[in-house]
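Dear colleague,

I am passing on the structure we spoke about, and I would be glad if you could look through it alongside the notes that follow.

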Amino acid sequence: MDMYGFYTGKIFDAHEYLGCHLENNGAVFRVFAPAAVKISLIGEFNSWQEMPMERIYDKNFWECRVDGVWEGMMYKYRVYTQSGRVVDHCDPYGYGMELRPRNASIVRDMKRYRFQDMEWMYKRSDCKNKPLNIYEVHAGSWRMPEGGGWLNYRQLAGELIPYLKEYGYNYVEFLPLNEHPCDESWGYQCTGFFSPTSRYGTADDLKAMVDLFHQNRIGVLLDFVPVHFAVDDYALAEFDGTPLYEYPHNDMSYNEWGSRNFMHSRGEVCSFLQSSANYWLNEYHIDGLRMDAISNMIYWQGDKERGVNKNATDFLRYMNRGLKGMHKGIILAAEDSTSFPDVTKPAESGGLGFDYKWDMGWMNDTLAYFREDPEQRKKDYHKLTFSMMYFPEENYLLPLSHDEVVHGKGTILDKMNGEYEDKFAQARAMYTYMYAHPGKKLNFMGNELGHFREWNEKRELDWNLPDYPMHSGFARFMRTLNNLYLHHGALWKKDYETDGFCWVSCHEEDRGLYSFLRTDGREYILCLFNFSAQNHDNYEVNLSSALPFGARSAHLLIDSARLEYGGSSETPSDCTIPIHENKMNLPAERYSGKMYLIK
């Protein structure tokens, strides 16, 4: 390991030196703990009896070589601190951990599994000019086996892959899969930054799952948490008796979630996090990372009034640039609710180096609009036009994520205004608007079924919902919409170019109507929406200022109000409407969204 690079925060391979590594008939264990008085290695291989570790290099590292160590054995580091406290810790760089409430590290052979996804790895891309339709999943509660517990990683792949294909998702994004002690944290309060959670199997099981997704041409993204870590004393907290990974002062050490903040001004911490990110991408062939709570790295404690955290933003630039250089075609996405500029600008050009930024403004404005009574939407009409003014500024991703369906917020369907059937109609119209809007897409599991019950990590999805007509129609609509999106370049090829989008009409405040064109330069799709409670049967659309050619006809691609989706429209699915002098009259039923291919 490059020691100077480790201390200055420049390396991405600290995990290849630190931690437990099998060699010959045993293993070597190394740990970084500068302030420890003494460290002993305890484990199954020595009957949990203390085996002294030796200080090496500059006395800040400890090492022990042991014979008779093999895959699956458990171990811990017993750390003696200067205060006289003795704490048994899991390995910060350990490749495996026990299931909670136990917390020993587990020896893993990371060289055993052989991937069969060469074709995918060679062809994958960041999808800037391709469709990116992400299905966000909590692995433990998408589907549960009878009798309780969780599906194994391999079992999950076997059930999830055909489902994603049917529903038209080409990427899956998992909430954090690193080890965590509390189920309710969903993985965001992490204790094992190099350990796949044992809830769903071993490291090899996770590799096999990713491999299967790739062989079926589905990308795999992973939630990654570079901001904070769990407070459990067996993990990173005051690891050597001092704040080794966290800030030394309480006003910065703890955050709003009660966890400990990483101190990004320490090179050793930066090398730890960079190595962890690289590890998931390299060892498991993960196709990208969605980085959690980036707002709390851009500004001190996420508070703009406290100013920019330059150490943290410099770390992000360096890490993102390094990861993009090492891994072809990966996706790096930021959950960032701030207006901080150049989040998706390349790091070498002064940006933070992310490929995508979650558009939290679009999400909040859209859901707020659809909560309102239709009569009140007139005054907030431009909540749905505002995002069109700024969409080219960053590479935005439109998220309807897990955060929007928990903690009393109501599900996406339940957020829609009105009674039962109106909620479905408005949700279908809203999703049509989402998939027509510039930007990549993300939906949390269950949204596609029209979930009324908030997500609970202790329960699987309500898989009986399609037995009910309105839910069945909604699921059919989502399958159609998703697959339509994947196959029409006008909806994604120029997501971040101004000439890929053009308003046809955005001043129909009294009628609640919106219309715009999406194009990839070859095909043109007219998108028409009526978010009011009134029908407009003969709405005139004038394409004269939007099209560079004289259009002849408009072919209906999707109508959210169709009878088969739970609506009332009986317009034929192959309906074609003539266009005269770039003008046509279209039906705009209440709470509807339509797309037409212009020819």
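A residue is called buried here if its relative accessible area is under 20%. In this predicted model, Tyr 514 has a relative accessible area of 2% and is therefore buried, and Tyr 369, at 1% relative accessibility, counts as buried too. The rings of Tyr 369 and Tyr 514 have their centres 6.5 Å apart and their planes at 80 degrees, so this pair is edge-to-face. The pair links distant parts of the chain, since Tyr 369 lies in helix H9 and Tyr 514 in strand E23 (residues 513-519), 145 residues apart. Both belong to a cluster linked by ring pairs, whose members include Trp 362, Phe 370 and Trp 503.

As for the fold, eight strands close into a barrel with parallel pairing, in the order E10-E11-E14-E17-E18-E19-E20-E21, and the twist averages 25 degrees from one strand to the next. Helix H6 (residues 267-283) packs on the sheet, where it touches strands E14 and E17, and its direction makes about 160 degrees with that of E14.

The structure holds 67 aromatic pairs. One of them is formed by Trp 142 and Trp 463, whose ring centres are 5.1 Å apart and whose planes stand at 80 degrees, so that it is edge-to-face; the two residues are 321 residues apart in the chain. Trp 463 also has Arg 143 over its face, at 4.1 Å from the ring centre.

Terms used
Residues are numbered from 1 along each chain as its sequence is written. This is a predicted model: local features need pLDDT of at least 70, side-chain atom pairs count only at pLDDT 80 or more; totals for chains, interfaces and linings use all residues. Side-chain values use heavy atoms; hydrogens and water are left out. Two strands pair if DSSP finds at least two bridges between them. Helices (H or I, at least four residues) and strands (E, at least two) are DSSP runs, numbered from the N terminus. Axes are lines fitted to C-alpha atoms, for helices over the stretch in contact, and angles run from 0 to 180 degrees between N-to-C directions. Contact means heavy atoms within 4.5 Å. Rings of Phe, Tyr and Trp (its six-membered ring) pair if their centres lie within 6.5 Å; planes under 30 degrees apart count as stacked, over 60 as edge-to-face and the rest as tilted. Buried means under 20% relative accessible area, exposed over 50%, partly exposed in between (1.4 Å probe, protein chains only). A charge sits over a ring if NZ of Lys or CZ of Arg is within 6 Å of the ring centre and within 35 degrees of the ring normal.
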